[in-house]
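Dear colleague,

Please find below the structure that I am handing over to you. I would be grateful if you could read the notes that follow alongside it.

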Amino acid sequence: MVSTIQNTDVKQGFGPENMRLKKGIIGKDSSLCLLAEDADPVSSLQKDADRAVVVAVTSRAVFDCGAEDGDDVYGVGVAFPLLQALQRVNERLLEENPAESLLFDVVLITTDSQQQQQSSRIISNTRHYGLEISRFCFSSEEDFIESLLTNHVDLFLSTDRSEAAQASHKGVFSALLNRKVASSEQLRVLFCGDAVIRPDTDSPSASQDAAQSFSAQLGEMRQRFGLLHSPLSIVLVTSRGGRESCGTALRTLRSRGVSVDEAYCLAGAPRSPFLSLLRPHFLLNNDLED
Amino acid sequence: MSLKNGPTLTARGPDLASISNRTPLEDARMQLNPSTPTRKPKPPKPENAITIGVSARVLFNMEKEQQIYQQQGLEDYIKYQVEHETQPFNPGPAFSFVKALEAVNTRLRELYPDSEELFDVVLMTNNHAYVGLRLINTINHHQLFIERFCMTGGNSPIGYLKAYHTNLYLSADPAKVREALEEGIAAATMFTQEKMTQVSDTQLRVAFDGDAVLFSDESERIYKAHGLDKFFEHEKAHENKPLDHGPLKGFLEALGKLQKKFYGKGQRMDCPIRTYLVTARSAASSGTRALKTLRSWGLEIDEALFLAGAPKGPMLEKIRPHIFFDDQMFHVEGAAEIGTVACHVPYGIAQGVTKKGINDKETSAAPK
């Protein structure tokens, strides 16, 4: 049973004084999801549940939680550049239209009990690094998928292949974070064309619907900007088929409202040199092969 | 850039897709044997193939669209392209060269059905993927065998050239060509030509200038600094010392490798690849060093034409190459005047301007 509680107490040890936690949702196995009051009241109001694109990222991807050296500050993780890029997209969206409601809404989620117990440290670290996180979900390996579902997550990002696969299997649209991403100003999203036209039949149709809905949201966001100097770039790569399959993927994406910026048709050429050049933050519809 | 010198008579090379040296009997045999597959062959692995990267503007004629881009900007250009998506482009300067490459592939596949030592043409363009469908439609329309492409949406194509192990890059943008040369990739700038004379449909013909194309520019430097007499003296004195290699040496080498595959099957006389050296050096003197250099590299060239400073046009008119590489615009323009598809290799001392001087208006977002 999931219940919502109002938490108006300022809890000590949860970070600096202006970090107040407004609303809490307790999941059935005591996972705790907390809505953080943003320093910026405007954007937190605008992250309207219906219009926001909710992206959940695992804490292990955001921070390098390894070193237990007594110092409370974590190192930065693989997802760090991604969060910065998401923030930049939001900033630019609001520049174009201060009343914009189609924004990224970032949820930081723990997916194992060890991380779950680091909640206060995780929150203070997001503050330390100035990350715009609107919700924290302190879940364990048993209930993180439920947290994803109750929070209506549009996209779940992890560096852990099996986590992503598990979530996908339960209908949550998931993708692997690219470990090799160089820090890029621009949010670069890569669609793997072979899966665009031939969706993975293992994942349930709920996940495919979620995939299409996320793509459409992304496509709409992209349209807010011009051809040049966009903070978001949509890249299509087809690995196996020839030009016809790339053409089909372009048409399919277009029919879903996604206009592609860059397209690469590899027709069997090895993928990894291209991925190193393309530097996507994450890969969508990937059949999880490297 | 477009060269509009000379008469406006235009003729395009015929479709080279249908070349066959089979006898009528062999043809009949093939028809009786239905097991010959007609499905599209798989593209070869990049490291095995001879990869030719061509930009959209040299493969196809995009003059009108380029004008829209320059006069009205990127958004209008894209809008026009999308509106005309089902309208194929006409052939550009590299078109007949690409068709000839495909004809050679057909012959190679007949002789070596399992080999991946083939030409692989990759479309390498700066265009946004919005133009992608029009380009794919055009490739389909002209029945070109191009299965690989990169539409970089304004980003530099150089890294992708390397990822495809590109052996030769042809583009309309001199800045990109120079960048490729700096990265050790053979490259040349192509221009739209009013006149493109008919070329052979049974044999790919590639013509090269010598100094600063196949060879380094070391001797050209001497000529420029000290004049013709000193140049002759120097070349005679160093006759047996091979010249250093130039940017197109590797491509000649690749062509030679394929030629040997035909010789190996007894097809030296009707080899579908023929190479030419068209140089201002003279046969009597400075030409010797050039020939000896090629020999020291283990490279053959089918015909060496020493012009002793005479214009190259008339000779090219006789040869009718599908493509001619020269480092001097004077010769490129001269060739284009008589209808030879000529391209500029911006390498060496003959390039009088600094990198920054040329084409400052070219931005990385310019579609190519």
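The notes below set out the conventions and then the findings.

This is a predicted model, in which local features need pLDDT of at least 70 and side-chain atom pairs count only at pLDDT 80 or more, while totals for chains, interfaces and linings use all residues. Residues are numbered from 1 along each chain as its sequence is written, chains are lettered from A and ligands numbered from 1 in the order in which they are written, and side-chain values use heavy atoms, with hydrogens and water left out.

Chain A. The secondary structure of chain A comprises eleven helices and 14 strands; helices (H or I, at least four residues) and strands (E, at least two) are DSSP runs, numbered from the N terminus. Of the 290 residues in chain A, 53% count as buried, where buried means under 20% relative accessible area, exposed over 50% and partly exposed in between (1.4 Å probe, protein chains only). Among contacts in chain A with a separation of 6 or more, 71% come from residues 24 or more positions apart; contact means heavy atoms within 4.5 Å.

Aromatic pairs. Rings of Phe, Tyr and Trp (its six-membered ring) pair if their centres lie within 6.5 Å, and planes under 30 degrees apart count as stacked, over 60 as edge-to-face and the rest as tilted. The count over all chains is 17 aromatic pairs. One of them is the stacked pair of B:Phe60 and B:Phe89, at 6.0 Å centre to centre with 20° between the planes. B:Phe60 belongs to strand S3 (residues 60-61) of chain B, whereas B:Phe89 is in the loop between helix H4 (74-83) and strand S4 (90-91) of chain B, 29 residues apart. B:Phe60 counts as buried because its relative accessibility is 0%, and B:Phe89 because its value is 3%. In chain A, ring pairs join A:Phe63, A:Tyr74, A:Phe80 and A:Tyr129 into a cluster.

Charges over rings. A charge sits over a ring if NZ of Lys or CZ of Arg is within 6 Å of the ring centre and within 35 degrees of the ring normal. B:Arg134 lies over the face of B:Phe89, 3.9 Å from the ring centre, and B:Lys265 over that of B:Tyr112, at 4.9 Å.

A loop residue. B:Gln143 is found in the loop between helix H6 (132-141) and strand S6 (148-151) of chain B. With 61% relative accessibility, B:Gln143 counts as exposed. Beyond its neighbours within four places in sequence, B:Gln143 is in contact with B:Lys99 and B:Glu102.

Yours sincerely
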